[in-house]
Amino acid sequence: MVKSHLILNNVKKYYPIMGGVIRHVKNYVRAVDGVTLEIKRGECLGLVGESGCGKTTLSKTILRLENATDGTIFYLPDNAGNEGKSLEMEKYDILKYRGAKLKNLRKKIQIVFQDPSASLNPRMLVKNIIGEAFDIHRIASGKEKIDRIIELLRSVGLGKDHLMRYPHEFSGGQRQRIAIARALSTNPEFIILDEPTSALDVSVQAQILNLLKDLQQKYNLTYLFITHHLLVVEYISDRIAVMYLGKIVELTKTETLFKRALHPYTIALLSAIPVPDPEKKRRRIVLKGDVPNSVNPPKGCRFHPRCWLADDVCREVEPELSEVEPGHYVACHRVDEVMKQFY
Ligand code: SF4
């Protein structure tokens, strides 16, 4: 089986800003601005960053709910390369998919949204919410369909009794379980989890995270877990990518990121996490200013107006995401200085 599951090359998503008397494109919101990333089969990749950094737009672009402005996205299904020939990558570029190919892709890639109250139709019974995909993709009908819906409900900790109820009859955690069951209904290989626990109480968050971990093992799933909450992503992810203003600035194993983050932005994010031990003190870094506007991102390194290490090069030249240690990618000109100051 091919190790890579999803490969993004220089993916961009720009939204035009119209203006003027004869309406024309005046500028662009650069929501995603050149993301290159590989997600391995069976892993959970955490994608973290502040609100508005482009995480959700990236997930919608992968799902083809938004059309990418530029770049390629290769989705390699579980049977990719089984023909025994060398991989013809072109045929896996999902940005070129249309019609039946796109419909089939949507069976393989599913999403769970942040707020189950908004993502579940309040007028539909649970059996219809979960069963909808069975009809769209002609997966099952009649008794077989009901049996499979019950099986899905059981796999997320619910049961037969819940079939004929409406979403408002459930708690927030139960609603998210229904949303997860719906995502599993097409037998997907890859699930995007977009802040799936952010709208839930802390005690319920842990239950949902454990459920997601169990389901990943049971169904051999690959996850892209999007959140702004570093502790949540530490619990569930194998690797973490940190995003800032439309770009990935650091990517490494979860353990490495928490022990030895090398991008100043990641270090600042980590420094904001409270330490439970009063004996231990962590150097708190308070970033100045807000995230700049993605219509006119700063020249050079996008983080330089907020970075305490910024120098002239940072203000002029945009750093590339490059491998500074095995498997540890950072987009920063001054990694040596970061090491000197922190490790
Ligand atoms: Fe800071 Fe310069 Fe590194 Fe950007 S490139 S994060 S401004 S040190």
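**Labels and their cut-offs**

Modeller: Ser171 lies in the loop between α5 and α6, where helices (H or I, at least four residues) and strands (E, at least two) are DSSP runs, numbered from the N terminus. The model is a predicted one, in which local features need pLDDT of at least 70 and side-chain atom pairs count only at pLDDT 80 or more, while totals for chains, interfaces and linings use all residues. Residues are numbered from 1 along each chain as its sequence is written, and side-chain values use heavy atoms, with hydrogens and water left out.

Colleague: Why is Ser171 called partly exposed?

Modeller: Buried means under 20% relative accessible area and exposed means over 50%, with partly exposed in between (1.4 Å probe, protein chains only). Ser171 has a relative accessible area of 39%, so it is partly exposed. The C-alpha atom of Ser171 is separated by 9.6 Å from that of Leu200, although the two residues are 29 apart along the chain.

Colleague: What makes α6 roughly parallel to α7?

Modeller: Helix α6 (residues 172-184) and helix α7 (residues 202-219) pack at an angle of about 20°, with their axes 10 Å apart. Axes here are lines fitted to C-alpha atoms, for helices over the stretch in contact, and angles run from 0 to 180 degrees between N-to-C directions. Angles under 35 degrees count as roughly parallel, over 145 as roughly antiparallel, 65 to 115 as roughly perpendicular and the rest as oblique, and α6 is therefore roughly parallel to α7. On the α6 side the contact (heavy atoms within 4.5 Å) is made by Gly173, Gln176, Arg177, Ile180 and Leu184, and on the α7 side the residues include Val204, Leu211 and Tyr219.

Colleague: How do you know that the pair of Phe342 and Tyr343 is tilted?

Modeller: A search of the whole structure finds seven aromatic pairs. In the pair of Phe342 and Tyr343, the ring centres are 6.4 Å apart and the planes stand at 50°, so the pair is tilted. The rule is that rings of Phe, Tyr and Trp (its six-membered ring) pair if their centres lie within 6.5 Å, and that planes under 30 degrees apart count as stacked, over 60 as edge-to-face and the rest as tilted. Phe342 is partly exposed at 23% relative accessible area, and Tyr343 also counts as partly exposed, at 40%.

Colleague: What makes Lys213 count as lying over the face of Tyr235?

Modeller: A charge sits over a ring if NZ of Lys or CZ of Arg is within 6 Å of the ring centre and within 35 degrees of the ring normal. Lys213 lies over the face of Tyr235 at 4.2 Å from the ring centre, and the charged end of Arg30 sits over the ring of Tyr14, 5.3 Å from its centre.

Colleague: What makes α1 mostly covered?

Modeller: Six of the eight residues of α1 are buried, among them Leu58 and Ile62.
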